[in-house]
Amino acid sequence: MKAGPDIAMVASLVGDPARANMLTALLSGRALTASELAQEAGVTPQTASSHLAKLEAGGLVEPEKQGRHRYYRLTDPDVAGVLEGLAGLAARAGHMRVRTGPKDPALRRARICYDHLAGDLGVQMLDSMRAQKLVRHRKQEIELTADGARFLEQHLQISEPMLAHPRRPVCKACLDWSERRHHLAGTLGAAMMARFAELKWAARDPTPGSRVVNFTRNGEKRFAALFPNTHSH
């Protein structure tokens, strides 16, 4: 027996198409009911329940009871990072879904990745923060600079103490599947996304399981003023 973690076990959980669809829907960061997840996966509620039991036993999802309903969510932001990484690998290897829906361009432009901004605008934000020396980025390591802390306090009312979390880093690079470059995760990525929503710069598509983030015209202007595009594609 080889020592170390058993990746085959986790891969087999993700490797079933119905379970993969459920996990992708949970990348929206919202907790969804078993019947919503059955719909996302295109399976019967009974089949969905047995899939969810496997995902729960494998530690990828956790249930939450509210009234009569059981909701499910990903156990941890790390699970989202792994799923987004697999999506990037699939896209790079050309394994794309055959039908691209009408929301596909919107999903590439701006989407939620568990609790932070991803897609074209997410990548633009991190690139711009790097160019403005608000963060230092070496390989996977991202660090907020003193200038960055001042900038966030001044423009977005995000203070450093708000970002402390016992198990999550402040800044983390998350590889973006559609852009194949990094966007910003960690408590800072989450706080910035929450702030964009509070300021009404952006709103999430209300459909269960949807990951699309729509910026308002004003929001897009304000966002571009703070995080100008350093690469013109």
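Biologist: Leaving aside neighbours within four places in sequence, which residues is Phe 227 in contact with?
Modeller: Phe 227 is in contact with Gln 124, Met 125, Ser 128, Met 129, Gln 132, Phe 151, Leu 156, Met 192 and Phe 196. Contact means heavy atoms within 4.5 Å.

Biologist: Where do these values come from?
Modeller: This is a predicted model, in which local features need pLDDT of at least 70 and side-chain atom pairs count only at pLDDT 80 or more, while totals for chains, interfaces and linings use all residues. Residues are numbered from 1 along each chain as its sequence is written, and side-chain values use heavy atoms, with hydrogens and water left out.

Biologist: Which residues touch the most other members of the largest nonpolar core?
Modeller: Met 192, Phe 196 and Phe 227 do, in a core of 32 residues. A nonpolar core is a set of buried Ala, Val, Leu, Ile, Met, Phe, Trp, Tyr and Cys residues joined through side-chain atoms within 4.5 Å. Buried means under 20% relative accessible area, exposed over 50%, and partly exposed in between (1.4 Å probe, protein chains only).

Biologist: Which helices and strands each supply at least two residues of this core?
Modeller: They are α7 (120–131), β7 (141–144), α8 (146–156), α9 (186–198), β11 (213–215) and α10 (217–226). The largest share, five residues, comes from α9. Helices (H or I, at least four residues) and strands (E, at least two) are DSSP runs, numbered from the N terminus.

Biologist: What does the second core include?
Modeller: That core is separate and has 23 residues, among them Leu 13, Val 79, Ala 80 and Tyr 114.

Biologist: Where is Tyr 114, then?
Modeller: Tyr 114 sits in the loop between β4 (111–113) and β5 (116–118). Its phi is positive, about 70°, although Tyr 114 is not a glycine.

Biologist: Is Tyr 114 buried or exposed?
Modeller: Tyr 114 counts as buried, because its relative accessibility is 15%. Lys 200 is another residue other than glycine with a positive phi, in this case near 60°. Lys 200 is exposed, with a relative accessible area of 62%, and lies in the loop between α9 and β10 (202–204).

Biologist: New topic. What is the order of the three strands in the open sheet?
Modeller: The order is β1-β3-β2, and the pairing is antiparallel. Two strands pair if DSSP finds at least two bridges between them.

Biologist: Why is one side of β1 and of β2 left without a neighbour in the sheet?
Modeller: Because β1 (32–33) and β2 (61–66) stand at the edges, each with a single partner strand.

Biologist: How many bridges join β2 and β3?
Modeller: Six, in the antiparallel sense. In one of them, Lys 65 has Arg 70 in β3 as its partner. β1 pairs with β3 (residues 69–74) over two bridges, also antiparallel, and there Tyr 72 in β3 is the bridge partner of Leu 32.

Biologist: How many residues lie between the strands in the hairpin of β2 and β3?
Modeller: Two residues lie between them, and Gly 67 in this hairpin takes a positive phi near 60°.

Biologist: Which strands does helix α2 lie across?
Modeller: Helix α2 (residues 17–26) lies across β1, β2 and β3, at about 85° to β3. Helix α4 (residues 45–57) lies across β2 and β3, at about 115° to β2. Axes are lines fitted to C-alpha atoms, for helices over the stretch in contact, and angles run from 0 to 180 degrees between N-to-C directions.
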